[in-house]
Amino acid sequence: MFLRFLRAASLLSMCLCLPSDYEDAIEFNYGPSYYNEIAEEETPAPTPTSAPCRSSELTKWDKMFSMLENSQMRENMLLQYADDIIKVEMGSLRSEMLRFVAQYGGSCGAAVENAGRRMEMQLNSRLRETLELLKLRHRDSPAAAAGNSNQLETMLQELLSAAQTQASRLSKLETSCFSSPGGMNTKAGFHPLRGGEQGHHEQEVTTTEATLEMVLAALQEVKVEMEEALRSSRQRFLPAGCEMALLFPMRSSRIYTSIIPDVPVSLSSFTVCMWFKPTSIANKTVLFTYGNRRNPYEIQLLLKRNAALFTIGGEAHLVEARGVVNPGRWTHLCGAWSSEQGLASLWADGVKVASTPGVAEGHVLPDGGSLQLGQERNGCCPPSLSSGSSVAGFEAGFDSKLAFAGKMTGVNMWDKVLSEDKISQLSLREGHGCEQSGNIVAWGVTEMVPHGGAQFI
């Protein structure tokens with residue numbers, strides 16, 4: 001009871017103190033009164049108000065929680081603002097990209113279409129020119145080059161047909177790319193897209209890009225096929241304007257070609273040149289030889305792996321050039337020799353690759369020997385039955401290990417050393433070296449007799 005009385009007394013004292021403090025804080029204005037149509041006696045009495053309770057001050061924890069709430073609100077507001085900006089900018093960028101595609105897609109597509117058509121026209125033109133050139137080359141010698149001409153013509157006709165097929169495929173792809181409804185063939189200005197049309201337009205743009213990739217892939221396939229066909233046709237062509245060649249189909253002791261010159265081969269200087277394309281090269285492969293009964297090795301033009309060898313009067317007088325021969329490739333080779341200084345030189349594809357002085361100096365090639373291509377006889381000529389005499393080893397035959405396999409053309413021989421300019425002209429693959437004939441052996445004029453499986457093509 002006593003405790004309840006103390007609590008009531010303290011509560012009463014607090015309530016008595018608060019009105020006094022509150023009344024001291026109020027200022028009254030007793031200025032002059034003004035007339036406001038309200039009688040003085042009708043003025044309502046002021047409504048008494050209770051004094052407010054004085055709240056205690058905020059603690060540091062309250063202040064901290066308030067600051068955290070404010071900072072979190074600011075962060076949420078900034079994130080929302082940034083998100084709104086990104087959405088607006090991305091939408092604007094997307095609209096600009098669609099506008100760009102719709103406005104400039106037509107000109108790009110037209111450029112691709114024109115490029116494809118120009119490629120088709122150039123391809124057909126080049127092929128027709130090549131076919132006409134082959135017909136002109138083989139018109140004058142139908143008997144000698146009929147098989148080769150027919151084969152080349154058939155191959156080029158197939159090539160032309162394949163090119164036309166590829167061009168047709170390309171035209172179909174271009175038609176589907178540039179003539180589809182709503183495609184990239186629209187060259188008019190930009191038409192604003194509605195909301196429901198944007199997704200459809202994007203799908204069409206993606207389809208057009210895929211079609212362009214297909215066109216590019218088809219063009220690359222055409223390019224690869226044309227390069228292969230061109231490489232194949234170059235391999236079939238004969239160099240230096242030659243219209244025929246000698247074919248040695250395999251290495252055999254029975255396959256060779258004899259040359260029967262119209263003038264004596266009694267020389268103190270000479271130059272021998274030829275084009276050849278070996279199928280394979282052994283340790284020793286014979287290209288050109290001349291010899292008589294006394295010495296079967298007066299002249300030798302040989303191959304050894306990737307090297308070319310040139311001998312006069314035997315292997316003791318040797319000129320060698322390495323790294324100048326490759327199987328499956330046409331190579332122009334010349335050997336020149338002069339007895340006055342004994343200078344022997346080798347030329348490969350118009351370049352002097354080896355030169356040696358003092359080779360058989362003062363020597364003169366004897367007449368009465370035998371010229372051969374693609375083989376070397378241990379004795380150049382068969383023994384005379386009437387005389388009954390023979391030279392040891394002279395009657396032996398050919399060796400298949402020395403035989404040449406491949407093609408030869410443009411075989412010529414002069415009784416002098418040719419100049420550097422002359423040899424360079426003869427070695428031009430796209431030139432007309434076969435029109436230049438030697439005065440000892442002339443390609444296409446001097447009689448050449450193939451033996452075994454050797455033949456002119």
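Buried residues make up 35% of the 457 residues in the protein. Here buried means under 20% relative accessible area, exposed over 50%, and partly exposed in between, with a 1.4 Å probe and protein chains only. The model is predicted: local features need pLDDT of at least 70, side-chain atom pairs count only at pLDDT 80 or more, and totals for chains, interfaces and linings use all residues. Residues are numbered from 1 along each chain as its sequence is written, and side-chain values use heavy atoms, with hydrogens and water left out.

The protein exposes about 28500 Å². Carbon and sulfur atoms supply 55% of this area. Accessible areas come from the Shrake-Rupley method with a 1.4 Å probe; for residues, only the protein chains shown count as cover. Among contacts (heavy atoms within 4.5 Å) with a separation of 6 or more, 72% join residues 24 or more positions apart.

The secondary structure comprises 5 helices and 14 strands. Both are DSSP runs, numbered from the N terminus: helices are H or I with at least four residues, strands are E with at least two. Seven strands form an open sheet in the order β10-β9-β8-β3-β12-β1-β14, with antiparallel pairing. Two strands pair if DSSP finds at least two bridges between them. The edge strands, β10 (351–356) and β14 (455–456), each pair on one side only. Strand β9 (residues 343–348) and β10 pair in the antiparallel sense over 5 bridges. In this pairing, Ala 344 stands opposite Thr 356 in β10.

The protein has 2 disulfides, each defined as a pair of cysteine sulfur atoms within 2.5 Å. A disulfide is a covalent bond between the sulfur atoms of two cysteines. Counting bonded cysteines along the chain, the pattern is 1-4, 2-3.

Cys 273 lies in strand β3 (residues 269–278) and Cys 334 in strand β8 (residues 331–338), so the pair ties together parts 61 residues apart in sequence. Both Cys 273 and Cys 334 are buried.

Cys 242 and Cys 434 form the other disulfide, their sulfur atoms 1.5 Å apart. This link is right-handed too, with 50° about the S-S bond. Cys 242 lies in the loop between α4 (198–236) and β1 (246–248), and Cys 434 in the loop between α5 (420–426) and β13 (447–451), so the pair ties together parts 192 residues apart in sequence. Cys 242 is buried at 7% relative accessibility. Cys 434 is also buried, with a relative accessible area of 13%.
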